[in-house]
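The following exercises concern one protein chain.

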Amino acid sequence: MRVLTGPASGTRIERELGRPVELDGDGTYDGDYVQDGNLLVFQRDGETVRMVSLGQLAALAEGEYRADVVLQARGGTMMMTDPDGRPAGR
């Protein structure tokens, strides 16, 4: 999973992912991600399988995370942890 923080142009997102991507849906406008919060890009075998906008919430640090991280809500915050419950490393 790659975490980006918007707003971000479609060109920037393609550069970060290293491949063309179509941005369409919540938080997008004219091929750009226009929200101030996080955009989660879930990938499998070099392909984008899903994108999720957190809207105005920028709760997660930008970067690429391993496939086994767990995203959880805890006490009004969002956390990414390794499967053993420790904070996730990238």
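**Exercise 1.** Does Arg12 count as buried or exposed, and at what relative accessibility?

*Solution.* The model is predicted: local features need pLDDT of at least 70, side-chain atom pairs count only at pLDDT 80 or more, and totals for chains, interfaces and linings use all residues. Residues are numbered from 1 along each chain as its sequence is written, and side-chain values use heavy atoms, with hydrogens and water left out.

Step 1. The classes are buried (under 20% relative accessible area), exposed (over 50%) and partly exposed (in between), with a 1.4 Å probe and protein chains only.
Step 2. Arg12 has 18% relative accessibility and therefore counts as buried.

**Exercise 2.** Identify the salt bridges that Arg12 forms with Glu16 and with Glu62, and state where the partners lie.

*Solution.* Step 1. A salt bridge requires a side-chain nitrogen of Lys or Arg within 4 Å of a carboxyl oxygen of Asp or Glu. By this rule the count comes to six.
Step 1. Between Arg12 and Glu16, the closest N and O atoms are 3.6 Å apart. These two residues stand four apart in helix 1, about one helical turn; helices (H or I, at least four residues) and strands (E, at least two) are DSSP runs numbered from the N terminus. Glu16 is partly exposed, at 30% relative accessible area.
Step 2. Arg12 also meets Glu62, with an N to O distance of 3.1 Å. Because Glu62 lies in the loop between strand 5 and strand 6 while Arg12 is in helix 1, this pair ties together parts that are 50 residues apart in sequence. Glu62 is partly exposed, with a relative accessible area of 31%.
Step 3. A further salt bridge joins Asp68 and Arg66, at 3.0 Å between the closest N and O atoms. Through shared partners, Arg2, Arg12, Glu16, Glu62 and Glu64 are linked by salt bridges into one network.

**Exercise 3.** In what order do the four strands of the open sheet lie?

*Solution.* Step 1. Two strands pair if DSSP finds at least two bridges between them.
Step 1. The order is 5-4-1-6, with antiparallel pairing. Strand 5 (47-53) and strand 6 (63-64) are the edge strands, each pairing on one side only.
Step 2. Strand 1 (residues 2-5) is joined to strand 4 by four bridges, and Arg2 stands opposite Val41 of strand 4.
Step 3. Six bridges connect strand 4 with strand 5; there, Met51 of strand 5 is the bridge partner of Val41. The two strands form a hairpin with two residues between them, and Asp45 in the turn has a positive phi of about 55 degrees.

**Exercise 4.** Which residues make up the largest nonpolar core?

*Solution.* Step 1. A nonpolar core is a set of buried Ala, Val, Leu, Ile, Met, Phe, Trp, Tyr and Cys residues joined through side-chain atoms within 4.5 Å.
Step 1. The largest has nine members: Leu4, Ala8, Ile13, Leu17, Val21, Leu23, Tyr33, Leu39 and Val41.
Step 2. A second, separate core has eight residues, among them Met1, Val3, Leu54 and Met80.
Step 3. Contact means heavy atoms within 4.5 Å. Leaving aside neighbours within four places in sequence, Leu4 is in contact with residues including Arg12, Ile13, Leu39, Val41 and Glu62.
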